[in-house]
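This briefing covers a single protein chain.

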Amino acid sequence: MTVDKTCVGSGKPWTVDIAGKPICPRCRRSLSTVAGKGKTVTNTPKVPRHDRPGRYQR
Ligand SMILES: [Zn+2]
């Protein structure tokens with residue numbers, strides 16, 4: 001099996017959590033965590049490439 005550290009959510013559209021905040025559809029980290037501070041869905045319409053969290057397997 002390939003060990004790919006890139007989160008599967010990379011390049012996908014954002015999903016939103018129960019509070020309506022944009023999050024990665026895979027790891028569920030928030031936009032500010034994944035994309036960085038100051039980013040918004042408007043200027044970052046797709047989830048940027050980012051590493052998968054270390055111990056998160058599902
Ligand atoms: Zn992710």
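T33 counts as partly exposed because it has 14 C-beta neighbours inside 10 Å; the classes are buried at 20 or more other C-beta atoms within 10 Å, exposed at 12 or fewer, and partly exposed in between, with C-beta atoms placed from the backbone. The model is a predicted one, in which local features need pLDDT of at least 70, side-chain atom pairs count only at pLDDT 80 or more, and totals for chains, interfaces and linings use all residues. Residues are numbered from 1 along each chain as its sequence is written.

**Secondary structure and totals**

- Read from the N terminus, the order of elements is β-β-α.
- Of the 58 residues in the protein chain, 16% count as buried.
- Among contacts in the protein chain with a separation of 6 or more, 41% are between residues 24 or more positions apart; a contact requires C-beta atoms, placed from the backbone, within 7 Å.

- T33 is located in helix α1, which covers residues 31-35.
- T33 and I23 are 10 residues apart along the chain, and their C-alpha atoms are separated by 8.9 Å.
- The largest nonpolar core consists of seven residues, namely C7, I23, C24, L31, V34, A35 and V47.
- The largest contribution to this core comes from α1, with three residues.
- A nonpolar core here means a set of buried Ala, Val, Leu, Ile, Met, Phe, Trp, Tyr and Cys residues joined through C-beta atoms within 7 Å.
- In soluble globular proteins, nonpolar side chains tend to be buried together.
- Leaving out residues up to four places away in sequence, I23 touches W14, T15, V16, D17, R28, R29, S30 and L31.

- R28 belongs to the loop between β2 (22-23) and α1.
- Phi of R28 is near 65°, a positive value in a residue other than glycine.
- Most residues other than glycine have a negative phi.
- R28 is partly exposed because 14 other C-beta atoms lie within 10 Å.

**P13 in the segment before β1**

- P13 sits in the segment before β1 (15-16).
- P13 counts as exposed because it has 11 C-beta neighbours inside 10 Å.
- P13 and P48 are 35 residues apart in sequence, with a C-alpha to C-alpha distance of 9.4 Å.

Conventions. Helices (H or I, at least four residues) and strands (E, at least two) are DSSP runs, numbered from the N terminus. Two residues are in contact if their C-beta atoms, placed from the backbone, lie within 7 Å.
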